[in-house]
Every structure is written in C-alpha cells, then in structure tokens.
Amino acid sequence: MNSGSPSPVRSAEINEAEEVERGGLLPPLHSDSSTSSRSRELSSPNPAFGVVPTVSSWTGGSPSSDSWNDMSRCSSGHSGQSQTVENRHRSANPVFSFGPRATSGGSLRSGTLPNLPKVVLHTRKDNVMREHIYCVGTPDGRRGFLANCLIHAEDMDTQAIVEEMIPGMLLVSTFSDSCCTTASVLSGLVKHLRVVKKDVFVYFIGLIVSLCCSPDLMVVRQISSSLRDIVQFVEDEVVEEILAPLVMSMNMSEWSSPKAVAASLLGALATRKNVIRASEQSVKQYFNQFVNLAGDGSTFVRQVCAESMQFWISVAGAHQVSLKEMTLSLVRKRMSRDGSDAVRYSYVAQLLPLAEKIGRSETTKHLQSLLISASSDSSWRVRYYAANCLSAFSRLCMRPSDLVGVFMSLSRDEMKEVRAAVVEQLGAFTPDIVPMQVAVRACISVSLLAKDEEPLVREAVAKQLHLLLSPLIVQMYSSDQRQQLLMLLTDTNFTVAETATRNSARVVETLLKYMQADAPINLSGSSSSIPIEHTNSAVAARSSCPKKTTKGSAAEEAAVVGADKKGMEDHATEEFIDRTAEELRAHATSVVMGLAEKLRCVSESSIWRMREAAVDALRHFCAAMPWEEFTPLLNTIRALLRDPVNVVRTRSADTLAVVAGAYGPEMAAFMMSELLDNEFDLANNLPFTSRIVAIRCLSSLVPLVDSFRSGDNRHHELRERWVSTISLLAEDDVPNVRLMLARTIAEHWNWYKSCAAKSEVICNCVERLKRDVDVDVVNAVRDLHLNFRKA
C-alpha cells in the first residue's frame, strides 16, 4: 500500500486467524478428501472448456509436531493444490471429538498451527481504508466471508472486486461445503457492478465454469438460477459474446452437470431477440437443442429440463410460437414415456406453473388429462406430486369438479404419504366451489380415513375437521362416521389428538354462521341454491303488489291463475329453505355440543399439551352456546386453574377472561365472586403458584365488573375486596407474586386510576412495589405516575 494512502483499519471482529492463535477456534487438522477430489476434478480436462486452471493463491502446510503428525497423516495423492490440514479423528460433532478444544484444559503447543488459507479484502468508506481478513480454511471463516461478500462489495470499486473478491470466491468454491452459497452470491455480486461490460465479466468465467462443473446437484441448480438472473440484466454484448457461446459449449460437454446448466439457460437466452439474431439460429433450433437434452441419457439432465419447461412459455409468447407445438407436446411425451420416476414427478410438479402461464382454457385442454394420468402412475412419488398440487391445479381448470374422481382415487392409495397429501386438498371441493353432490362425495371419502391405521393420514383428516363437520355435509354421514370424526380429539396418537383439538376452534368459528338466527345461509350447489335473504325480499315484494280488481279477457285470467300458482310454488320453496336452515342450525348445534363433550374428556388427559390445547379451544365456544349450556365447560376451566403445569394455568386464566367478556358484567361478577370465595381465597394458605394465577385472572375480571347497570352495588363490593387483596399481595414473600402484581397493575393502570375512592390504598401499594428489593418488580411499575391521589 502506498504511503500516501490512508492507513488501513483492521476489523478485529472478523480477523479469525488471530482468533485461532488465541485458541478461540481450532483449525482443521487433516486433509479433506472431498476437497482434494474436488480440486483434482476441477483441474481435469473438459472437452468443452479445456483445462480449468487450479487455484494456487493459497498455501497450506503440515503440522511440525510429531504428535499431531500421527493424527493428521493423510494418504491422499498429489494434486495441483496444497493440502487442507484436518484432524481425521475429530468428529463433526464436538461432543465426540478426540482432540483438545478451546474450552477444555488442553492446548496446542507453540508452532503446531498450520498455515491456513486467508482472503484479504480492502474496503473504503468515509475516506477510511479498512482491511478484512477471513481465514477461509475453517468453515466459520468461509461462512463469514460469503455472508459479508455483498456487504463489502458496497464499499469496493470494480478493480478491488476483480482483484480481491473474485479470487477469494474462487478459492472458497474449492471447498464442497461452500459451493452452493458461492453460487447464490454470484448474481448479487454481478448486479452490484450495475453496468457489466464484457471486459469485466470475463473475470467471472473461471468461477462460473468451476461451479457449472460441480458434481453436486444442488450447486448446479443454484448456479443455473444465478445465471438466469444474470442473463436478464447484463448488457447484450456479454450475453452474445460470452454467455451464449458458453452455454453452447456446455451443451456439447460430456459431463452431465454442464449439460444440465445448458438446459436451464437455453430458454433464458431464447427470450432475448438480440441473442437469437446474433447467433444466426432460429427459436426452433434453440428448442430442438432443448428437446435433445430432454432425451439425454442422464436422469439429472432430463430432470432439469422438466424443471425448466416453464421458461419456454415466455419464449413462445415473445416469438408468437404455438404453445402446443413448443412445450405442451414435449411435456405429454416425456411424462408418458420417461423411464425414471424422478423425471416424471418433476414434470408433474411443473404442471402448476405451466397452468398459471397458459390460462384456464389451455390448461383444461392440454394439462388436465396429464394430471389425471399421473394420479394412476406406477410410482408412488409421481402420485404424491399429483396429489400435492391437486387443489391449486383444480382452481386453474374450467370445471374443478371434473377432478373429484382423481381425488377419490388418490384417497384410496396404498401409500400413506399419498393419502395424507390428497386429504389436505379437500378445500378445492367445498360447496362454494363445486356442486353439493360433488362436495359430499369428496367429504365422505375423506371421512372414511378418520379410522385409517396410519397416524399421518388421521392427522391430515384432523386438519380438515372444519370442512368435514360443516352442517351442509355432516347430515350426509352415518352416525358411525360422525362419531369417528369426533373421536379424533381423543385419538391414541398424540399428534392426531392435538391437531384435532386445536382445530376444533376453527370448527366452531365455521359453525357460527349457521347458528345465528339472523345470518343468511347460502345453499349453493344444493337442490335449492337461493340465499334466504334474497328469497325473503322477493316474497315481501310480491306481497306488496296490488291485486287486480277488474275483469279481463280469458288470457288475462289465465295469466293471473298462473301467477298465483307460481306464487304458491315460491312460497313452498321459501318454506323448504326455512326448514333447511332450521335443520342446518340443529346440525351445527349438535356438532358444537359433541365437540364440547370431547373437549371435557381431553381436559383430563395426562399430557399437559393436550390440556393446554383443550382449554385454549374452549374460549371459542362461548360465542356458540348460551350461559346455561356453557356452565359445565366453565367448571372445566376452573379446574384447570389448579393444573400443576404453569402453561395450562396461564391459558386457563386467559380463557376465563375471554369468557367473562363474552357473557357480560353479570357473569364476570359471578365468576369473580366464586373465585374469591373458593379457588383464590387467601385465607386458605394458597401456594404461590395459585396466588400468581389469581392475580392474572382476577385483574382481568375486575374492569369488566365495573360496567354493571346503575343501582347494582356488587361491583363496589368486588372492587373493595380486590383492592384489599392487592394490598396483601404487594407484601408477599415470593418475588414472582409481587412481579405478577406489578405487571398487571401496569397493564390495567387506567382502571386503577379511576378508583378515586381507593386511590390512597392503590398509591400505597404502588409505592411499596417501587421500593421493592427485586429490580424486575421496580422496573414494572417505574413509569406509573401517582398524580391521582385523593386529596
């Protein structure tokens, strides 16, 4: 560095080499065979690219200590690079490591540390030069370097990126654990250069070729994605003179990885008309190359072709080429003839993005039959992908109900994964989307799986209870089917039972619209598809019309008779709808009562997570049940206030506050009075856990009691009892009790300030908490101002 330049400032937090010397990190201690093989692979001649130059900008030595030589002796052959030293006896899990650790009593003797490779970056910010050193010989050093590449690039000019950043990334890419991250960073780094010209982009070619030749399929996918992004924003000369020739040469490679990258990029290149003109090839010739790769002998290349099929839809739109000629015929051919199920399920997974691009009509015409055939494929993985995309795909078809046969067929599949996946697609066949008879068929087929022997399938059914227990559907089940669905809440498998219990809240929310007397019920898809509100308004309009009082011709009399007959039919339809609405409310009420009974059983479970899920779901039932019917559930909640698990007690207190708010101040006063006389009577020497729950529960009920109608003095009595209670609790021996009291007072401070008659007692209580010996208690009430004290 020149003497005239600002002195560099070393970033101590990034200097991991110094951290190693201090014993903070241990270096690898034996030669990484994967790294050596990776280096030999990159230095092998490629018929398409020639010889890839090896990275020689770093050196690694061997430990000089004989004791470490015994542990780090490596039998790997010579490569073009120095060996990375790593202890072969050291497990990836530090618990099973034989070597000394930084936190243990062992220490490395002086002079035994290897010379680890480093990357040095220089950034300039606010006219200050900073130096960042990364010890990329360690996983943490490589991770830190790649994580900060784009951050440092903001403070580096183009020359610094070319001379320091790119060689560092090329060095890091020689380690197999960093290739995928390097590929993901590449597009962001190129985009940072903003205007990327040919003479700058050429420095990236070594790194790009290195990653394109990776044997790791994830790396190939990631570098393909990065290169597609790069093609979109670099200048035409870069694509025409560098990227396009590179893709064509990869197309002729004997390795599968470069061919897979070429298959992924051909569609991106074909979208740029300037590239097509400069290459003197037509779009059809580009697509023919893609077709040849789609029939390649490598399964991975064919799989990448399937994943890249959607990009050709954009090519067809840009060049006005027939969709059926370019892509859909190829999809049909490969899905039916390819011998690898990995390729076939890749095409099935691409049906959804293809359908989103071509529209409903073309999807129904060309792709719907492909999904139907995939649902009966001999490979369960293909059927799984068909089941997994069924719901989203059906919404892109002209008639979703045409796929109900596929749904029912997959629900009887021999593989549990397929059955579970298709059950989760039930939302595509609800009465508001398909005709009622189709929805009933789909729900009945799923309800039969409630007694499936596989917990995975029963869990999927439990997730759909809000659809299966709809009053429009539940009346079609047999009594055994209804009971089997409710039995999921008490299933022997914990995951199934917990899922069903938590989903019961969603079931109640769905049933509420049928249980409210003034709510319009839409019977779309059934034998009568007229909403009640529309029918009633039509009847009211007809009843207000004046009757004819003069005689007319025979035709007019016949018309009147016909109108009267039609009115009678409309009245009968109205009665049918009203009767059906009453039946729906009855079915909804029956389901709610059945769920409530099951939740009472779940609340007695020996598993605390089940009890917590049950009491959390009970808060939703107060909107669907009158107070008299909810009383047994209230007793269940009160019993769980004494649960041995804190989470259950806390959830019970919160549920009780929600219930009190739903039923009004009278019920809140009743519950508060009962709790003060029984569960939370301080005269009974309550344990400190009960005192904490009492504070949390009663502090939420007291503000609700204050909204009593005028003339009722019960709220004054309860207020006095509560103020007296908090005075005692403020001097409790347990800090956690005082902390809970301080937090609840701060939460409901506006209510406490409204208690003018008891302001002196409340202020004394708060002052006592502000002088508490526990710092958390003091912090909880620190911001409370005592400026409302009664004069």
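**Figure 1. The largest nonpolar core of the predicted model.** The largest nonpolar core comprises 222 residues. Phe 145, Met 165, Phe 201, Phe 429, Phe 621 and Phe 630 are the residues with the most contacts inside this core. The model shown here and in the views that follow is predicted. In soluble globular proteins, nonpolar side chains tend to be buried together. For the protein as a whole, 49% of the 791 residues count as buried. The secondary structure consists of 40 helices and 5 strands. Among contacts with a separation of 6 or more, 70% are between residues 24 or more positions apart.

Figure 2. Phe 429 is one of the residues with the most contacts inside the largest nonpolar core. Beyond residues up to four places away in sequence, Phe 429 touches Leu 390, Pro 400, Leu 403, Val 404, Phe 407, Val 434, Val 438, Ala 439 and Ala 442. Residues 633–669 are 84% helix and 0% strand, with end C-alpha atoms 18 Å apart.

**Figure 3. Packing of helices H31 and H33.** Helix H31 (residues 608–618) packs with helix H33 (residues 646–663) at an angle of about 5°, and their axes are 9 Å apart. H31 is therefore roughly parallel to H33. On the H31 side, the contact is made by Trp 608, Arg 611, Glu 612, Val 615, Asp 616 and Leu 618. H33 contributes Val 647, Val 648, Arg 651, Ser 652 and Thr 655.

**Figure 4. Leu 656 in helix H33.** Leu 656 is found in helix H33 and is buried, with a relative accessible area of 0%. Leaving aside neighbours within four places in sequence, Leu 656 is in contact with Leu 634, Ile 637, Leu 641, Met 671, Leu 675, Cys 697 and Leu 701. The C-alpha atoms of Leu 656 and Leu 618 are separated by 9.4 Å, although the two residues are 38 residues apart along the chain.

**Figure 5. The hairpin of strands S4 and S5.** Strand S4 (residues 119–125) and strand S5 run antiparallel and are joined by 7 bridges. The bridge partner of Lys 125 in S5 is Val 128. The two strands form a hairpin with 2 residues between them, and Asp 126 in the turn has a positive phi of about 55°. Strand S5 (residues 128–134) is largely enclosed by the rest of the structure, because 5 of its 7 residues are buried.

**Figure 6. Thr 182 in helix H6.** Thr 182 lies in helix H6 (residues 179–192). With 0% relative accessibility, Thr 182 counts as buried. Apart from residues up to four places away in sequence, Thr 182 touches Leu 146, Met 169, Val 172, Ser 173, Leu 207 and Leu 211.

**Figure 7. Ala 262 in helix H11.** Ala 262 is located in helix H11 (residues 256–270) and is buried, its relative accessible area being 0%. Not counting residues up to four places away in sequence, Ala 262 touches Val 247, Met 250, Asn 251 and Leu 293. A distance of 9.3 Å separates the C-alpha atoms of Ala 262 and Val 301, which are 39 residues apart along the chain.

Notes:
Residues are numbered from 1 along each chain as its sequence is written. This is a predicted model: local features need pLDDT of at least 70, side-chain atom pairs count only at pLDDT 80 or more; totals for chains, interfaces and linings use all residues. Side-chain values use heavy atoms; hydrogens and water are left out. Helices (H or I, at least four residues) and strands (E, at least two) are DSSP runs, numbered from the N terminus. Buried means under 20% relative accessible area, exposed over 50%, partly exposed in between (1.4 Å probe, protein chains only). Two strands pair if DSSP finds at least two bridges between them. A nonpolar core is a set of buried Ala, Val, Leu, Ile, Met, Phe, Trp, Tyr and Cys residues joined through side-chain atoms within 4.5 Å. Contact means heavy atoms within 4.5 Å. Axes are lines fitted to C-alpha atoms, for helices over the stretch in contact, and angles run from 0 to 180 degrees between N-to-C directions. Angles under 35 degrees count as roughly parallel, over 145 as roughly antiparallel, 65 to 115 as roughly perpendicular and the rest as oblique.
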